[in-house]
Amino acid sequence: MIKAAMHAGTAFRRCTFDLFPRRLPTGRSYGVVAGTGRALEALKHFRFGPEEIEFLRDRGIADDMLAEWLADYKFSGNIRGYAEGELFFSGSPVAVVEGSFAEAVVLETLLLSIFNHDSAVASAASRMTLAAEGRPIIEMGGRRTHEWAAVAAARASWIAGFGPSSDLEAGRSWGIPVSGTAAHAFTMLFDSEEDAFKAQLEAMGEQTTLLVDTYDVDDAIRKAVELTEGRIGAIRLDSGDLSVEVRRLRKLLDSLGATKTRIIVTNDLDEYQIAALRGAPVDGFGVGTSVVTGSGHPTCGMVYKMVSRADSDDPDAVQHPVVKKSQNKGTIGGRKTVMRQIDQSGTATAEVIGVDVAPRTDSNDRLVMVDLVRNGEIVGEEPLQDARDRHARARAELPLAGQKISRAEQAIPTIFVTHEGEKTENIYLIGEPPANL
């Protein structure tokens, strides 16, 4: 595309691209923005070196003009977007990229791959922490996805409220807390379960978590209590009917005097199973496969579409809205500004997206988008804790219906405002947008 546009003389016209989801996954009431920090870090290093350019030349993809431009590539435009940890809904312009056509269009795969993956993980993780009702969840999905995707997933999960990760590289790379438990293989290494427990206790102390279902659960618990005189920190259960078993094991622990011993459960948990255990005496969860795969929705379905362009290379030329009208995949042209409508009780009531106009705000309403890159300079970096705190605040604004774990509708409507006084409500970008947009 860039090579053809260069030869046609249109490659350096100023354009604006929106990165957005057409709709939320079925049954989801909201999504969570994650990956912003990773995207900004990736943008710093997004360059084309001699080896990459040679490959493009050899394949006939790049000619001399394109190769020369790629050798000097550095994004010089602007990016606005939803702050990391923020909620998003159907049609939300999660990121808005403005620059020349060439420098903006080449970022499509970079940005989409990061936001689609990380936001899918964070969206699933948020539902799980919502279901857990304050009980901690350890992220344990490193064995269930690509090795570097696992690091990104641990980061995204933490933003959405998860506790520590078992992925040590995630701790090294992003500074998130790390934790884990022993596997069945450790117990099976020893001649007896008692010997395994003794070794773990000696190395880790009495507050460690002992895995108790390698052989006989009741025998293991009795031995753990005996070895620590009732002071064992936690046990982990990884099999069986968890709802029934944890109640029975809580009674057993209490009868043995281990009243402060916590019960941690694992075993392919997802948000639905966590919600089903709300009334059970579970003190914490370990989740792996479901969170790193988006719990059935491994992508957010975000797309990257041009929404406006200039008619000349003049950097000050006015941009005009452009619209894609293909069947079932229409877009809404124009530059977007987003405001979250908040009522007097602090509850979100609508996602208001102004198209070439800033939405009017009342006292409690808040603007959602922030500057991430200005004239090529990254300005949106922040501590990861800020994203985690932001997510907690944004999710607390959801109406009660938006906090459902079971099959749900979008928590609040998406309203596009085209100009003062005219509103079009509940546009979920399914099919072509109304003619007046």
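**Notes on one predicted chain**

Thr-16 sits in strand β1, residues 14-21. Helices (H or I, at least four residues) and strands (E, at least two) are DSSP runs, numbered from the N terminus. Before going on, the provenance: this is a predicted model, where local features need pLDDT of at least 70 and side-chain atom pairs count only at pLDDT 80 or more, while totals for chains, interfaces and linings use all residues. Residues are numbered from 1 along each chain as its sequence is written, and side-chain values use heavy atoms, with hydrogens and water left out.

Back to Thr-16. Is Thr-16 buried or exposed? With a relative accessible area of 1%, Thr-16 is buried; the cut-offs are under 20% for buried, over 50% for exposed and partly exposed in between, with a 1.4 Å probe and protein chains only. Its side chain makes a polar contact with the side chain of Gln-319, at 2.9 Å. A polar contact here is a pair of N or O atoms within 3.5 Å; within protein, one must be able to donate a hydrogen and the other to accept it, and residues adjacent in sequence count only if both atoms are side-chain atoms. Leaving aside neighbours within four places in sequence, the residues in contact with Thr-16 include Val-96, Val-97, Glu-98, Met-306, Gln-319 and Arg-335, contact meaning heavy atoms within 4.5 Å.

Next, helix packing. Two packed helices are described by the angle between their axes and the distance between the axes. Helix α6 (residues 108-132) and helix α7 (residues 147-159) have axes that come within 8 Å and cross at roughly 45 degrees. That makes α6 oblique to α7. Axes are lines fitted to C-alpha atoms, for helices over the stretch in contact, and angles run from 0 to 180 degrees between N-to-C directions. Angles under 35 degrees count as roughly parallel, over 145 as roughly antiparallel, 65 to 115 as roughly perpendicular, and the rest as oblique.

Which residues make the contact? On α6 they are His-117, Asp-118, Val-121, Ala-122 and Ala-125, and on α7 Ala-149, Ala-152, Ala-153, Arg-155, Ala-156 and Ser-157. By class, that contact of α6 with α7 has seven nonpolar, two polar and two charged residues. Ala, Val, Leu, Ile, Met, Phe, Trp, Tyr, Cys and Pro count as nonpolar, Asp, Glu, Lys and Arg as charged, and the others, Gly among them, as polar.

α7 also meets helix α15 (residues 384-396): their axes come within 8 Å and cross at roughly 50 degrees. α7 is therefore oblique to α15. From α7 the contact uses Arg-155, Trp-158 and Ile-159, and from α15 Leu-384, Gln-385, Ala-387, Arg-388 and His-391. Those residues divide into four nonpolar, two polar and two charged.

Now two loop residues. Glu-229 has a positive phi of about 55 degrees although it is not a glycine. Glu-229 lies in the loop between α11 (217-228) and β8 (234-237), and is exposed at 62% relative accessible area. Asp-268, in the loop between β9 (262-265) and α13, has a phi near 50 degrees, also positive in a residue other than glycine. Asp-268 is exposed, at 55%.

Finally, the whole chain. The secondary structure comes to 15 helices and 19 strands. The C-alpha trace spans about 80 × 55 × 35 Å along its principal axes. Of the 437 residues, 53% count as buried.
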